Amino acid sequence: MKGLSRRTLLALACLGGLGGALVASGGVRAGWFGFGSNDTGPVFTGIVEGVAVGGYDPVAYFREGRPVKGDPSIAATWRGANWRFSSEENRAAFEKEPEKYAPAYGGYCSWAVAQGKLAKGDPENWDIVEGRLYLNYNDKVQSDWRKDIPGFVAKANEEWPGLADR
């Protein structure tokens, strides 16, 4: 199997019914179903081991307009990561449409992805742009990100497939 990309190997495993998740550098890799320009790909789980968005409720950003800590007892598993929610209603919304609520680029820093790098996304440094949640590394990076969000999204969309395939 030498020379095959991880994506190809994963596709073969899924087709063979083996499925499963591959763990890679603080992220969790799972099925590549519906891979898109800013698809969640590998999910960053480095802030709280195995937990996406640092344990924050991804739906709350949309419904409450702010980061809200999720409750470990109200959780769901998607793409090999544990996702926490502040209410049963938010969990149900996520389970119905996870791609709508999961952060772009798997929760990695959107600005860093635009630079061709992977860095943690901080749940406290966020923006919703055109219905998509984006996380950034810190206040400084978020300030830089906000100077040209459309440009950085376009560049990150170009860079993400190569980063997600590492």
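Reader: Which residues of α6 are buried?
Author: In α6, the buried ones are Val141, Gln142, Asp144 and Trp145. Buried means under 20% relative accessible area, exposed over 50%, and partly exposed in between, with a 1.4 Å probe and protein chains only. Helices are DSSP runs of H or I with at least four residues, strands are E runs of at least two, and both are numbered from the N terminus. This is a predicted model, where local features need pLDDT of at least 70, side-chain atom pairs count only at pLDDT 80 or more, and totals for chains, interfaces and linings use all residues. Residues are numbered from 1 along each chain as its sequence is written, and side-chain values use heavy atoms, leaving out hydrogens and water.

Reader: Why do the buried residues line one face of the helix?
Author: Seen down the axis of α6, they fall within an arc of 160°, so they line one face. The arc is that of the directions from the helix axis to the C-beta atoms.

Reader: And what's exposed on the other side of α6?
Author: Asp139 and Lys140.

Reader: What covers the buried residues?
Author: The cover includes α5 (110-114), β6 (122-129), β7 and α7.

Reader: Take Gln142. What does it touch?
Author: Leaving aside neighbours within four places in sequence, Gln142 contacts Asn125, Trp126, Asp127 and Asn136. Contact means heavy atoms within 4.5 Å. Gln142 has a relative accessible area of 7%. Its C-alpha atom is 8.8 Å from that of Asp127, 15 residues apart along the chain.

Reader: Now α7. How do the axes of α6 and α7 cross?
Author: At roughly 100°, and they come within 7 Å. That makes α6 roughly perpendicular to α7. Axes are lines fitted to C-alpha atoms, for helices over the stretch in contact, with angles from 0 to 180 degrees between N-to-C directions. Under 35 degrees counts as roughly parallel, over 145 as roughly antiparallel, 65 to 115 as roughly perpendicular, and the rest as oblique.

Reader: Which residues make the contact?
Author: Asp144, Trp145 and Arg146 from α6, with Ile149, Phe152 and Val153 from α7.

Reader: Switching topic. Which residues touch the most other members in the largest nonpolar core?
Author: Val53, Tyr61, Trp83, Phe85 and Phe94, out of 19 residues. A nonpolar core is a set of buried Ala, Val, Leu, Ile, Met, Phe, Trp, Tyr and Cys residues joined through side-chain atoms within 4.5 Å.

Reader: Which elements each supply at least two residues?
Author: α2 (58-63), β4 (71-78), β5 (81-85), α3 (88-96) and β7 (132-136).
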